[in-house]
Amino acid sequence: METVANNLNQQDAVNEWLPLRWSVPLGFQQLLAAYASIIIAPLVLASALDWSQEQTTYLVAAGLFGSGIATLIQCLGIGSFIGTRLPVVQGTTVAVIPPLLAIGADGDLTAMFGGTIVGGAVCLMLAGSWSRLLRFFPPLVTGTVITVIGVSLLPVAVMWLSGGRGFGAQQTQVPEIALGLGTLILVLIVMRLGNSFFSRTAILIGLVLGSIAGALMGMSDFNSVTDAGWASLPLPFAFGAPTFTVAACSAMTVTMLVTMVESTGDYLAVGEVCEETVDQRRLAAGLRAEGLATMLGGVFNAFPFTTFSQSIGVIRVSGVRSRYVVAIMGVMLVAISLSPKIAAVVANIPLPVLGGCGLVLFGSIAATGIQTLRKVNFDDTGNVLTVGISLGAAMLVVANPIYFSALPKAAADILNNPITLGAVCAVVLNLSFNGLAKAH
């Protein structure tokens, strides 16, 4: 046990293959931390577009299958040009919900998948050119973007702690408060007092024990488990051949450009946490993997994929940087997608439990950004303003997610994403105050 713990601290921890007795629970921990976010997009779309239960179940399973494949591509790589080979978790981004709602309003699923395939192809083709923008992400910008990622996710944890009733002021019940904060305290106790293995799996322990407590408190509904089938096989174009309309393809292309900005910040954050350099080549390889995975997603009835920030928090909290642990998580996602009944069991994690763990994970991401900002000279007023205004701009959208909706739709889709807005502000302000000379 001590040897493994020491190995985790080696310089090449990203490529460390850990024993299965560590890798499996650590991979499961990553899965539970990201599961709710992976399935949220198809569930929201299903509710808004009035899909049948059969369609919803199939699309959730397809999303899990695609996320697993996308995660494996990122962690293991294909050749030398596709995949970051970092512990990167992939899942359907919520940024796709507004455009997909507009495309699916006419009830045409095939146009949604056609637009997804085109958006993925654009990301794949532009990856090399996009990576040349990396010189505009010095520590001042990188630290700001990572901080924005963490802070912008904290309201999600609060929403989960409040029982998932939405953002803003919400009435909470005593059982929800007890379960959510109890899970948070449990995670902190395990991290502080547990041995090497338990402290690294503190999030998993909190999720499992919190879910058991939630079930005993009547916060889980197992009817969905009873109704779900035992096996389901993802089939290409299960809803028919994709159709490629100008509106759908344009909307998903813009969405993929937005997610490329977000993913750039996430890759830099993963690199900071893992003490690995994310250079131009690695960034391009990561974006190519997202583009390829998104195209495959369109083929197998799933929607665009991006990097999940939750995984960065898990890596930060657990200290486990092995990409093979996350690859095992990808295998688990594929396995769960083949069994709707298992997927339904995992989906019964009470939201307050996710909230308690989310506070730890998302707060840790913000702390990583602050750590990166320690390299910045804050005696320079321009640097202070760059961080302050970028954070403020991101919070503008966090507080009011439709603040820019009065603008043309293409602009609103870009600016209403807090991570994208914060990143754009940080890059522009850094160039304004420091010029091109300090953009390297």
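**Close-up views of the predicted model**

View 1. Phe237 belongs to the loop that joins α10 (223–227) and α11 (246–274). Its phi is positive, at about 50°, although Phe237 is not a glycine. Most residues other than glycine have a negative phi.

**View 2. Asn301 in the loop between α12 and β2.** A positive phi, near 70°, also occurs at Asn301, a residue other than glycine. Asn301 is placed in the loop between α12 and β2 (305–307). Is Asn301 buried or exposed? Asn301 is buried, and its relative accessible area is 0%.

View 3. Helix α6 runs through residues 139–161 and contains 23 residues. From the first C-alpha to the last, α6 reaches 33 Å, close to the 33 Å expected at 1.5 Å a residue. Most of α6 is covered, with 18 of its 23 residues buried. After α6 comes Gly163, which has a positive phi near 90°.

**View 4. Packing of α6 against α17.** The axes of α6 and helix α17 (residues 381–399) come within 10 Å of each other and cross at roughly 25°. The two helices, α6 and α17, are therefore roughly parallel, since angles under 35 degrees fall in that class. The crossing in which α6 passes α17 is right-handed. On the α6 side, the residues in contact are Leu140, Thr144, Thr147, Val148, Val151, Ser152 and Pro155. Their partners in α17 include Asn383, Thr386, Val387, Ser390 and Leu391.

**View 5. Packing of α6 against α19.** Helix α19 (residues 418–434) has an axis that comes within 9 Å of the α6 axis, and the two cross at roughly 155°. This angle is over 145 degrees, so α6 and α19 are roughly antiparallel to each other. The crossing of α6 and α19 is right-handed. Leu140, Val141, Thr144, Val145, Val148, Ile149 and Ser152 of α6 meet residues of α19, among them Pro418, Ile419, Ala423 and Ala426.

**View 6. Packing of α5 against α12.** Helix α5 (residues 109–131) and helix α12 (residues 280–299) have axes that come within 7 Å and cross at roughly 170°. That angle makes α5 roughly antiparallel to α12. Among the α5 residues in the contact are Phe113, Thr116, Ile117, Gly120, Ala121, Cys123 and Leu124. From α12, the contact includes Leu283, Ala284, Leu287, Arg288, Glu290 and Gly291.

View 7. The secondary structure of the chain comprises 19 helices and 2 strands. Of its 440 residues, 57% are buried. Among contacts with a separation of 6 or more, 82% join residues 24 or more positions apart.

Technical notes: Residues numbered from 1 in each chain as written. Predicted model: local features only at pLDDT ≥ 70, side-chain atom pairs only at ≥ 80, totals over all residues. Heavy atoms only, no water. Helix = DSSP H or I, 4+ residues; strand = E, 2+ residues; numbered from the N terminus. Expected span 1.5 Å × (residues − 1). Buried < 20%, exposed > 50% of the residue type's maximum accessible area, 1.4 Å probe, protein only. Axes fitted to C-alpha atoms, helices over the stretch in contact; angles between N-to-C directions. Parallel < 35°, antiparallel > 145°, perpendicular 65-115°, else oblique. Left-handed = near helix turned anticlockwise from the far one by under 90°. Contact = heavy atoms within 4.5 Å.
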